[in-house]
Amino acid sequence: MSVQANRDDYWQKTGKGTVRERCQAIFNQEILSDVKFAVCNFQAGSESKTIPAHKFVLAISSPVFYAMFYGELAETKDVVEITDCDYEGLLECLRFIYSDEAKLTPDNVMQLMYLAKKYMLPSLADKCSVYLKGNLDASNVFNVLPEAQKYEEVDLLHHCWKVIEKETEEAVKSDGFVAIQRSVLEELVSNELLNIKEIELFKAVDRWAVRECEKQGLVAEGSVKRRILGELIIQKIHFPAMEQKEFADVVLDSDLLTLKEVKDMVKYFNSVLNTTVEFLESKRGSLLKRQVSRFKSVVFNNGWKHSSKCYDWIYLAVDTSIKLHAVRFFGSYNAEYVASLTITAMEEVIFDGNLRNYSSNVKQGELGEYHGFEIALKPPIALKASMNYLFKADIRGPSSWYGQGGQPIVNNSKVKFHFSSYKNATCVEKGQFAEFLFSLH
């Protein structure tokens with residue numbers, strides 16, 4: 001391939017002092033290029049357009065490009081056709097490879113996330129995730145959430161659910177809501193922390209069912225909608241938390257409940273039901289989880305060692321009864337752990353979890369952001385006031401971060417937490433047991 005005659009952009013004539021600046025200078029230039037990408041340009045009426053590139057630059061940035069150009073089945077064509085993205089998307093992906101920069105917009109960020117995963121560019125994927133988190137709101141959260149699931153972006157997925165919990169009513173009215181998968185809808189109605197009246201959540205569920213019937217060419221009648229929704233979703237609706245008038249005006253007309261369920265609910269509202277109602281009675285958000293930690297700071301180095309012969313222990317007592325939902329532990333960046341948790345009171349085991357695999361990722365809590373993992377207690381266990389509980393954690397894996405500046409007494413949500421040490425490395429002042437997630441009993 002001949003070198004371009006006009007060398008105005010050539011780094012030797014522009015005084016580019018760093019490798020990054022020199023790579024930027026040859027981005028999308030014919031100079032020294034030895035491959036071209038032919039890709040559809042939707043802005044020009046789907047006409048194909050080419051992007052000149054340099055195999056060496058691409059190969060040292062992406063293992064996929066390395067295999068493409070230098071592997072056993074290396075591409076020998078001068079022009080490589082790309083059919084799974086558009087011109088602007090690939091151009092921004094290559095811009096990132098050449099300069100560590102990309103011009104992210106709402107229109108291209110999903111495509112760039114796809115390309116980052118396809119070509120194994122984790123730094124670009126991280127930039128896309130940060131951009132999406134920074135621009136996430138109730139209007140687009142149900143568009144972003146499926147992509148976060150597909151690309152296994154755990155932190156982004158966690159952030160999506162935080163937005164959904166905080167702005168539920170606005171989120172379920174968005175255009176993206178009716179397009180979600182049923183599995184997402186199941187997870188939504190199972191969430192006790194949603195900020196929405198139960199009748200409004202029911203309306204959204206019914207609207208989703210009607211749209212799903214339309215997509216499948218079915219008549220949106222009660223029995224059909226119920227079959228499409230499935231029993232799990234129906235059972236997770238808190239019908240008793242509705243007002244009787246709301247139930248009569250909206251739920252009855254939907255025809256989603258059976259005759260027996262309707263009769264039981266009418267009896268429930270009139271206080272003449274002799275048996276327990278089938279549906280949850282609590283209002284959403286009444287089980288709001290809180291976080292408590294005894295530490296003042298985190299030591300961000302891998303100084304806490306783990307092995308099968310050394311456990312972490314701590315005593316905990318509360319002055320007000322609570323429900324404990326989960327215990328968080330410190331990890332380290334991108335690490336894997338095998339862990340279990342045992343809780344005893346008066347020498348009686350009240351929780352005994354089996355050893356399981358956990359991935360350390362970013363947690364957000366009283367300590368700010370830190371890397372760790374969470375052992376959930378399902379169902380949550382009740383901690384009685386003035387009872388001393390011994391927590392024993394068996395953690396196996398690489399050394400982790402740890403907390404320091406621990407306090408023996410911590411007040412949180414009108415609950416006083418008392419921590420005391422056991423004979424082991426973890427103590428009140430430093431060690432494991434990053435945070436406890438609880439709700440008022």
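**View 1. P379 sits in strand β12, residues 368–383.** Strands are DSSP runs of E with at least two residues, helices are runs of H or I with at least four, and both are numbered from the N terminus. Look at the link between K378 and P379: a cis peptide bond joins them, with omega about 0°. This is a predicted model, in which local features need pLDDT of at least 70 and side-chain atom pairs count only at pLDDT 80 or more, while totals for chains, interfaces and linings use all residues. Residues are numbered from 1 along each chain as its sequence is written, and side-chain values use heavy atoms, with hydrogens and water left out.

**View 2. Here is the second largest pocket, with about 750 Å³ of space.** Which residues are closest to its centre? They are D126, E153, D155, Y333 and N334, out of 24 residues that line the second largest pocket. A pocket is found on a 1 Å grid over the protein atoms alone, using a 1.4 Å probe: it is an open set of points with protein on both sides within 12 Å along at least five of seven lines, and lining residues have an atom within 4 Å of a point. Grid points are joined across faces, edges and corners, and the volume is the space filled by probe spheres set on the points.

**View 3. Several elements build the lining of the second largest pocket.** α6 (109–118), α7 (122–134), α9 (154–166) and β11 (361–365) each supply at least two residues. The largest share, 6 residues, comes from α7. By type, the lining divides into 11 nonpolar, 6 polar and 7 charged residues. Here Ala, Val, Leu, Ile, Met, Phe, Trp, Tyr, Cys and Pro count as nonpolar, Asp, Glu, Lys and Arg as charged, and the others, Gly among them, as polar.

**View 4. Y268 and F269 form an edge-to-face aromatic pair.** Their rings are 5.8 Å apart centre to centre, with 70° between the planes. Rings of Phe, Tyr and Trp (its six-membered ring) pair if their centres lie within 6.5 Å; planes under 30 degrees apart are stacked, over 60 edge-to-face and the rest tilted. The count by this rule is 28 aromatic pairs. Y268 is partly exposed at 24% relative accessible area, whereas F269 is buried at 17%. Buried means under 20%, exposed over 50% and partly exposed in between, with a 1.4 Å probe and protein chains only.

**View 5. Ring pairs link a cluster that includes F419.** R294 lies over the face of F419, 5.5 Å from the ring centre. For such a charge over a ring, NZ of Lys or CZ of Arg must be within 6 Å of the ring centre and within 35 degrees of the ring normal.

View 6. N28 has a positive phi of about 60° although it is not a glycine, and N28 is partly exposed at 28%. Is S33 buried or exposed? S33 counts as buried, at 5% relative accessibility. A polar atom of the S33 side chain lies 2.9 Å from the backbone oxygen of E30.

**View 7. E347 is found in the loop between β8 (336–345) and β9 (348–352).** E347 is exposed, at 82% relative accessible area. Its C-alpha atom is 8.9 Å from that of L390, although E347 and L390 are 43 residues apart along the chain.

Notes. A polar contact is a pair of N or O atoms within 3.5 Å; within protein, one must be able to donate a hydrogen and the other to accept it, and residues adjacent in sequence count only if both atoms are side-chain atoms.
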